[in-house]
Amino acid sequence: MWQDLFRKKSIQQIELEAASGLSDGHGSGGLNKVLGVRDLTFMGIAAIVGAGIFSTIGTASFQGGPGVVFLFLFVSIACGFSAVCYAEFASMVPVSGSAYTYSYVAFGEIIAWIIGWDLLMEYAIGNIAVAISWSDYFTTLLDGLGLHIPEFLTMDYWTAKAGATADAKLAWANAPSFGSFKLICDLPAFLITVVITAIIYIGIKESKRLMNGMVILKMAVIVLVIIAGAFYVKPVNWHPFMPNGIAGVLGGTAAVFFSYIGFDAISTTAEECRNPQRDLPRGMFYSLIICTVVYVLIALVLTGMVSYKELNVGDPLAHVFQSIQMDWMAGIISVSAVIATASVLLVFQLGQPRIWMSMSRDGLLPPVFSRIHPKYKTPSFSTVLTGFVVGIPALFMNLNDVVALTSVGTLFAFVLVCGGILLLEERRKKGDTSQTVSAIKFKTPYVNGQLIVPALFITAVILFLKFYPGGVSGFLSGVNEKGESGWSVWREKVPYLLFGTVFLATTILSFVKKLSLIPVLGFLCCTYLLCESGTTNWERFVVWLVIGLCLYFVYGKKHSRLRR
């Protein structure tokens, strides 16, 4: 029983399957290999630079002040450690599937299913969030041009019913009624999903050309924003640099991490790369470095042009230029925001069908999910299904909490990828040759963590005792800073207790087994960021995983290709 749940795929087996173009037999051959390192870099930038830089950066800056740049740097470092691990896996296992396939190699089938199911949530919820954001930008842009879409066709039912804004009240008042039911939906979010899905369906070449064009345009606008805004920066706005302290800076963790989601989506296109073992690692690193520089510069310009207190708005970039009467610049930014969010949607809509395709090839999903279109060379059924899975909920879902839930799913994948590299390294030390490849193009640099990780643990304990009110006794008192007590307080502390336990266990293992430092740091950073994602999102995430496990035991376990 347990051996069946943790049966693993060897890298040699995966290489043979990829070489033979394994699919369900309904297609004709494999995917088109047309992507190079420039395309992969552009794809990473397309996925990363989107709603984060045009909206959520404002919320994060409002909470953390100018010091939010430290959060951007911290999250980029955490993503960088994870990117190194992703790069090694992508070099070892150059097939579609991303963290799902990597977990199949490192941990076994049940963990692979969990992470595959998790990635489906990450991409689906993330795509829904991006589609809704695109709709907001698009309707605002049309309003600026004098073209108006009725409010009841631009938002979800529950937002309209709440009536928190003037538009919501108008939507509720003017919506067509059928008895007690009011027809309220986000039509632009659905339509952009249909358009993007159609482009992805007809081929990777067409998707690549459109994506590269959108990236060039939006990066040109961002550079213009940085240069133009630099002339209006007032250094006095940078004081105090962290007005709400460390807690304020960390308060924007979910929003900032959402800004970095995307570089991992590159790995889902491995089978469409001309040289995946060489180009995938380069594409990940180049896109991550470029986007980090852009985010830090944008954050400094925003918080320098106006007070951080003014940035709690949905369109911070346009807002700061409107505040200095540069409406023409705000208009350019609005157009760029529409293009930027569309490019993010394109990348994630591209990634999700390829996860489904990989799971289907392994027998964990029905064969139709891995069907390749004979003409377009794309996973046809999975692409169309992805359009429905994203487009229909985008009509009716509320954007609240979606960002944080997406971040939980992504961080969970990062944690498993970093842990997978550590596990493979331990197996290699024991002489396991099933996880070796003939020509690996990238290897995680080995830095002995035997003394560094314990030093970091001791430092973290000292900082905790110094800065947490009341130290250990204050944390364990069960009373928060508002004087509240009871389960609601302990519920919020559970993730941090778990992180402390994981940190201690990792420290001991690092000292005893001389673990590699880079994957350990990636593992610890992402585990901590998970703690900052909120207990409510963790509870929803667990419910999603339980549903996935039920499906695995009903279908996947019985039809697994490894079982046969």
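Morning, everyone. Keep in mind that this is a predicted model.

Let's start inside. The largest nonpolar core has 158 residues. Which residues have the most contacts inside it? They are Phe-72, Tyr-86, Phe-263, Ile-298 and Phe-321. Helix α7, residues 109-144, gives the most to this core: 18 residues. Domain 1, which is 32-352 + 379-409, supplies at least three residues, and so does domain 2, 414-534.

Now look at Ile-298. Leaving aside residues up to four places away in sequence, Ile-298 touches Ile-53, Ile-57, Ile-222, Val-225, Ile-226 and Leu-317. There is another core, apart from the largest one, with 11 residues. Among them are Phe-152, Met-155, Tyr-157 and Leu-395.

Back to α7, this time with a partner. The partner is helix α10, residues 187-201. The two pack at an angle of about 115°, and their axes are 8 Å apart. The class for roughly perpendicular runs from 65 to 115 degrees, so α7 and α10 count as roughly perpendicular to each other. The crossing is right-handed. Which residues make the contact? From α7, we have Ala-131, Ile-132, Trp-134, Ser-135, Phe-138 and Thr-139. From α10, we have Pro-188, Ala-189, Ile-192 and Thr-193.

Next, the backbone. A reminder first: most residues other than glycine have a negative phi, and most peptide bonds are trans.

From His-239 to Pro-240 it is cis, with omega near -5°. Where is Pro-240? It sits in the loop between α11 (204-230) and α12 (245-250).

Spot two is Gln-325. Its phi is positive, about 60°, and it is not a glycine. Find it in the loop between α15 (316-322) and α16 (327-361). Is Gln-325 buried or exposed? Its relative accessibility is 64%. The cut-off for exposed is over 50%, so Gln-325 counts as exposed.

Lys-514 lies in the loop between α21 (487-513) and α22 (517-531). Relative accessibility here is 40%, so Lys-514 counts as partly exposed.

Conventions. Residues numbered from 1 in each chain as written. Predicted model: local features only at pLDDT ≥ 70, side-chain atom pairs only at ≥ 80, totals over all residues. Heavy atoms only, no water. Core = buried A, V, L, I, M, F, W, Y, C linked by side-chain atoms within 4.5 Å. Buried < 20%, exposed > 50% of the residue type's maximum accessible area, 1.4 Å probe, protein only. Helix = DSSP H or I, 4+ residues; strand = E, 2+ residues; numbered from the N terminus. Domains from an automatic or database assignment. Contact = heavy atoms within 4.5 Å. Axes fitted to C-alpha atoms, helices over the stretch in contact; angles between N-to-C directions. Parallel < 35°, antiparallel > 145°, perpendicular 65-115°, else oblique. Left-handed = near helix turned anticlockwise from the far one by under 90°.
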